[in-house]
Every structure is written in C-alpha cells, then in structure tokens.
Amino acid sequence: MNTLISQSTAWAALTQHQQQLAHTKIRDLFSQDKQRFERFSVTAAGLFLDYSKNRLTTETLNLLQQLAEEAKLKEWIIHLFRGDKVNNTEQRAALHTALRNRANTPILVDGQDVMPQINQVFQRLQVFTEAVRNQQWRGHTGKSINTIVNIGIGGSDLGPAMVIRALKRYQSPNLTNYFVSNVDSTHLSQILAQINPETTLFIVASKTFTTQETLLNARSARRWLIEQLGSEQAVAQHFVAVSTATQKVVDFGIDPANMFEFWDWVGGRYSLWSAIGLPIMLAIGKEHFEELLSGAYELDQHFQTASFSHNLPVLLGLIEIWYVNFFNASTQAILPYDFSLELFPAYLQQLCMESLGKRVTREGQPVDYATGPIVWGAPGNNGQHAFYQLLHQGSHLVPADILIALHSQYPLSGHQEAVLSNALAQAHTLMQGRNAVETESVLRDLGGQGESLKQSVAHRTFPGNQPSNIILYSTLSPKTLGALIALYEHKVFVESVCWGLNPFDQWGVELGKQVANSLLPVLSGENRDIAHDPSTDGLIRYIQQHR
Ligand code: F6P
C-alpha cells in the first residue's frame with residue numbers, strides 16, 4: 001500500500017498554513033500586495049487565468065506545488081501522455097490526448113503505435129462528413145440528409161451536445177442537430193414528431209453498445225424509420241454507429257461499413273475527440289473540428305511543458321484541492337458569462353464528478369480526506385437572478401470559475417459591455433463583500449438612522465471572501481473551446497494524481513445499472529420474485545396496482 005497524500009510533509013504544512021489564512025480576507029491580501037493581480041495571473045493557449053481572487057498567498061502556492069511534487073505529478077503526466085495503463089482498474093491507457101496529437105508522433109499501447117488507426121478512422125469520418133454535407137449521401141428515397149439525430153448518453157452525448165451548442169455559429173445551415181439521451185420515451189417521441197424520416201440520419205453512439213437507454217432509444221428509432229419508410233433496407237442509409245464493439249453493432253443490424261470505431265483506451269467522458277465527435281464534424285465541418293483538436297493540443301503541450309507555477313490545469317487543480325481539503329468546501333460553481341457555454345456546466349459535471357467521485361486510492365485503500373467536489377452551474381447572468389443570493393449571503397463556501405468572452409459570437413450594440421460589467425461586478429462583490437461599517441455608512445448616506453438602520457445593516461452586510469478564478473478569452477472559437485475543454489480534463493487529472501485516485505473508471509455507475517436490469521422483469525410482471533428493500537418492494541406493488 002502506498003502512503004496516503006494526507007501523510008505527506010506538504011499536507012501537514014498546508015494544514016498549519018491554513019490556520020494562518022483561515023480568517024484572512026482576500027481584499028486585505030490585495031491591500032498588502034499591489035502586484036497581486038500581475039503575480040497571480042497567467043496566459044496559455046488563448047486563455048487568460050486570473051486567480052488572484054483566491055484565499056492564497058505565494059507560500060500557499062509553493063506548498064501546493066510541493067504537494068503535487070510529492071504526489072509525483074510530473075511522472076504521472078508522462079505516464080498519461082505516453083500511453084501507460086493509468087486506468088489501472090481496467091488495465092487500460094487513457095489516451096484522449098493521442099486523438100488530438102497534431103504532431104502525429106508515435107504513441108504506443110502494448111507496443112503498437114495507435115496513430116495509424118486514429119488517422120484512418122479520422123479519414124473515414126472526414127469522407128463520410130463530406131458525403132453528407134455535400135449531399136452525396138442519400139437516404140432510402142433518394143433525398144439528401146438535413147437532420148442528424150445522435151442517440152447516446154453520458155460521454156456519448158454530453159460532449160458533442162455541448163460543443164455543437166457552443167459553436168452553433170459554425171453550424172452548416174443545411175443540417176439540424178438533435179440529441180436523444182433520456183430513456184423516457186418523451187425525449188425520442190418529441191424529436192420524432194419534428195423530423196422527416198426521408199432526410200434523417202441517426203447516429204447510435206455507444207462505447208460499449210450495451211447501454212440500456214441508448215439501445216432502447218435506437219431500437220425504437222429503427223422501428224419508427226422502418227414503419228415510416230416501409231422497408232428494412234432503409235436502415236442502411238439512415239443509421240450509422242460509433243462504438244468500440246463491432247460485433248454488437250452488427251447484431252443490432254448496422255452494417256460495419258457504417259460503423260466508426262474507437263478504442264477502449266478512450267474514456268467515455270473523454271471521447272468527443274474520437275469518432276464520438278462525428279455529430280460535431282457533421283455540424284461544423286472537418287476544418288473547424290481540426291481547430292477544436294488543435295486548441296486541445298496546444299493546451300496539452302502547455303500542460304506537459306509549463307512549470308507548475310505557470311501551468312493552468314495544475315493551478316486550477318491545486319486551488320480546488322486547497323478549498324476541498326483545507327477549507328472543507330464541498331462544491332465548485334461553473335459560471336459562464338458566455339451564453340454559448342450554456343451546456344458547459346452539465347458537461348463538466350460528468351467529467352469532474354464521474355472522474356473524481358471516488359473514495360479509495362488506485363490501490364484500493366480508503367482515503368481519509370475529501371475528494372471531488374459537487375460541480376454545478378449555469379450561465380452567470382441567469383444565475384444572478386436565481387442562486388447568487390446564496391453565494392453572496394449564504395453560509396457555504398462556494399469557489400467559482402467565472403468564464404468570460406471578451407467578444408460575443410453574435411455582437412449586438414451594448415450587450416457585451418453589459419455582460420462584462422456583470423461578470424466583473426459579481427466576481428468583485430463576491431470577493432470584496434461589504435462589511436458592517438461600510439454598509440452603515442452607505443445606509444446613513446441614504447438617510448437611514450436609529451434602530452431601523454441597525455437592523456438593516458445586518459441584512460445588507462455581505463461577508464465577501466468568496467473565491468473565484470476568472471478565465472478570459474477573446475471570442476469562443478473551435479480552437480478556444482478545444483483548449484478550454486482540455487484545461488478541465490487536465491485539471492481533473494491533476495487532482496486525481498494528488499488524491500491518489502483513478503479518474504478513468506466509474507464503478508459507481510455500474511451497480512445502479514445492474515439493479516435496474518434486475519427490476520425490469522419484476523416491473524413488467526415476468527418475474528414475481530420481489531426482494532429488494534421494504535420501500536422498493538412496496539413501491540413495486542404500488543406501481544403494479546396503479547398502472
Ligand atoms: O454513465 C456511465 C457511463 O458508463 C458513462 O461513463 C458513459 O459515458 C455512458 O455510461 C455511456 O456509455 P456508452 O457510451 O457505453 O453507451
């Protein structure tokens with residue numbers, strides 16, 4: 001058994017150091033250091049990170065970097081990029097970085113270079129994309145395709161959906177995209193009601209091709225298509241698959257010629273760079289897809305080469321560890337002031353929470369410290385009128401990442417200035433707060449006095465000291481988005497290494513799937529053998545009586 005990171009020298013030093021900073025106000029740190037903004041900001045791959053509004057000093061950063069050294073982060077970064085089996089519980093590499101290896105240098109898995117197969121599948125994706133976009137790919141009745149329906153869930157849905165939403169400006173005007181993920185038939189039915197079978201292409205996206213939700217939706221879509229077009233033959237022109245499981249795709253009834261492959265060393269939540277990105281390539285075209293890859297590649301290079309003190313993912317990961325383990329923060333807010341990133345928080349929830357929601361180390365040893373926080377968020381402006389009250393005056397520490405575009409992808413006079421002023425105002429107020437003396441003075445100026453003034457002060461005081469990282473970029477482009485996604489992928493990796501976790505498995509999801517499968521025959525009346533827990537058994541009886 002390896003020693004837990006909580007036994008390290010840096011951890012002990014950080015625990016002591018936290019006591020010195022526990023009651024320090026960030027605003028006072030700014031008063032003490034006029035260079036704080038310059039000192040605690042850094043640029044890479046088109047992203048500018050200002051992390052000065054955090055409860056930290058140079059000493060904090062030094063100790064956090066020492067923690068990363070003790071966790072052997074440098075070596076782990078090499079293992080990751082080299083294709084070592086960093087996913088030890090499944091004995092697999094995690095080579096999402098190979099998919100965007102623009103230098104095309106060999107990367108070996110089990111002694112075999114994976115780049116030729118990556119390039120070959122990319123080539124097939126490109127040919128297929130061009131055929132659809134140039135209207136050469138025809139449906140069963142001879143019409144060209146104008147609607148793409150992706151059927152997948154989790155990593156086979158969230159990444160492509162988020163990217164297409166973010167890059168809608170680059171979308172081909174001749175194609176409309178839909179995503180079906182939920183097994184509730186409402187999802188599929190509402191989409192089927194809007195589309196024309198003659199001009200629709202379904203992409204069944206599933207790494208394992210065993211996922212209940214995806215297969216059920218795919219079967220229903222297939223049945224609908226055959227009914228509508230009156231022929232089984234129609235499936236060949238209207239269904240393609242993206243998977244690692246060729247035989248299962250064939251068993252489903254999709255021609256392997258219409259299947260785009262990826263490999264077990266691509267994790268589901270890290271797969272948008274692979275053939276799972278097909279809906280992205282169809283929507284924005286091959287060149288823009290390549291720019292997305294290039295942005296991620298630039299960030300990959302930065303992650304591998306920059307010193308920890310100037311390394312964006314390292315800094316973001318270490319800062320999160322600082323709050324989770326030394327300030328007991330249990331949450332991380334993602335607040336994009338860029339409406340195109342509407343789906344980014346949901347995408348990050350899977351990336352971060354499926355990767356870091358673990359309680360044992362790689363070696364199976366229980367940890368005695370907190371791990372991945374609860375990640376959530378919404379576009380900043382909307383959040384201000386919904387949940388920001390809790391950030392400003394509630395009782396929880398809520399570190400936030402605030403993502404800001406300098407320019408809108410859709411400029412309208414006066415709007416972007418409003419976006420920017422709101423973003424900066426919120427980050428400032430969350431940090432600065434307004435103490436009782438300041439509040440009283442403001443209220444006095446407004447004519448307040450006596451007992452009512454005293455009462456108002458309590459209600460209108462803001463504790464402040466809520467930390468934030470500001471991530472600024474010019475306009476959201478495929479390249480910037482690629483870098484932004486890679487930034488968070490690597491931030492997660494940094495944390496996993498420091499916490500000693502395997503971020504590439506998700507055993508926690510499996511048990512729920514198994515139990516759902518065991519309940520299915522019970523609910524459908526095929527199997528009367530009821531034995532779960534008294535509540536579940538009672539619910540089964542209730543459902544059976546009332547359906
Ligand atoms: O939700 C669990 C999960 O295994 C995710 O990790 C994965 O992205 C998703 O299911 C979908 O899996 P598949 O692509 O195999 O259908």
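These legends walk you through close-up views of a predicted model.

View 1. The shell around the ligand holds 14 residues, and Gly155, Ser156, Ser206, Thr208 and Thr211 come nearest. Sorted by class, this shell has nine polar, three charged and two nonpolar residues.

**View 2. Polar atoms facing the ligand.** Ser206 has a polar side-chain atom 2.6 Å from an oxygen atom of the ligand. For Thr208, an N or O atom in the side chain is 2.6 Å from an oxygen atom of the ligand. Glu354 also takes part, with a polar side-chain atom 2.7 Å from a ligand oxygen atom. How much of the ligand's area does the protein bury? Taken alone, the ligand exposes 390 Å², and the protein buries 88% of that.

**View 3. The largest pocket, where the ligand sits.** The space taken by the ligand is the largest pocket of the model. The volume of this pocket is about 860 Å³. Its lining is made up of 31 residues, and those nearest the centre are Thr208, Thr211, Gln506, Glu510 and Lys513.

**View 4. Helices and residue classes in the largest pocket.** Which helix supplies the largest share of the lining of the largest pocket? That helix is α21, with seven residues. Along with α21, the helices α9 (212-229) and α14 each supply at least two residues of this lining. Split by class, the lining has 17 polar, eight charged and six nonpolar residues.

**View 5. The second largest pocket.** Here we move on to another open space in the model. The second largest pocket has a volume of about 480 Å³. Its lining counts 22 residues, with Asp338, Phe339, Ser408, Gln416 and Val419 lying nearest the centre. A strand joins in this time: β10 (331-337) supplies at least two lining residues, as do the helices α15 (380-384) and α17 (415-432). Of these elements, α17 gives the most, with four residues. The classes in this lining come to nine nonpolar, nine polar and four charged residues.

**View 6. The largest cavity.** Next come the cavities. How many cavities of 30 Å³ or more does the model have? The count comes to three. The largest cavity has a volume of about 60 Å³. It is lined by 13 residues, and Ile319, Gln332, Pro399, Asp401 and Asn469 are the closest to its centre. Three elements, the helix α13 (312-326) and the strands β12 (400-405) and β13 (468-473), each supply at least two residues of the lining. The most comes from α13, which gives four residues. By class, six of the lining residues are nonpolar, four are polar and three are charged.

**View 7. The second largest cavity.** Our last stop is the second largest cavity, with about 40 Å³ of space. Try to find its lining residues one by one: Asn87, Glu90, Arg92, Ala93, Ala94, Lys207, Asp264, Trp265, Val266, Gly267 and Phe504. Which classes do these residues fall into? Five are nonpolar, four are charged and two are polar.

Conventions: Residues numbered from 1 in each chain as written. Predicted model: local features only at pLDDT ≥ 70, side-chain atom pairs only at ≥ 80, totals over all residues. Heavy atoms only, no water. Near = heavy atom within 4 Å. Polar contact = N/O pair within 3.5 Å; in protein donor to acceptor, adjacent residues only side chain to side chain. Areas by Shrake-Rupley, 256 points an atom, 1.4 Å probe, with all protein chains shown as cover. 1 Å grid on protein atoms, 1.4 Å probe; cavity = no way out; pocket = protein on both sides within 12 Å on 5 of 7 lines; lining within 4 Å. Sits in = over half its atoms within 2 Å of the grid points. Nonpolar A, V, L, I, M, F, W, Y, C, P; charged D, E, K, R; others polar. Points joined across faces, edges and corners; volume = space filled by probe spheres on them.
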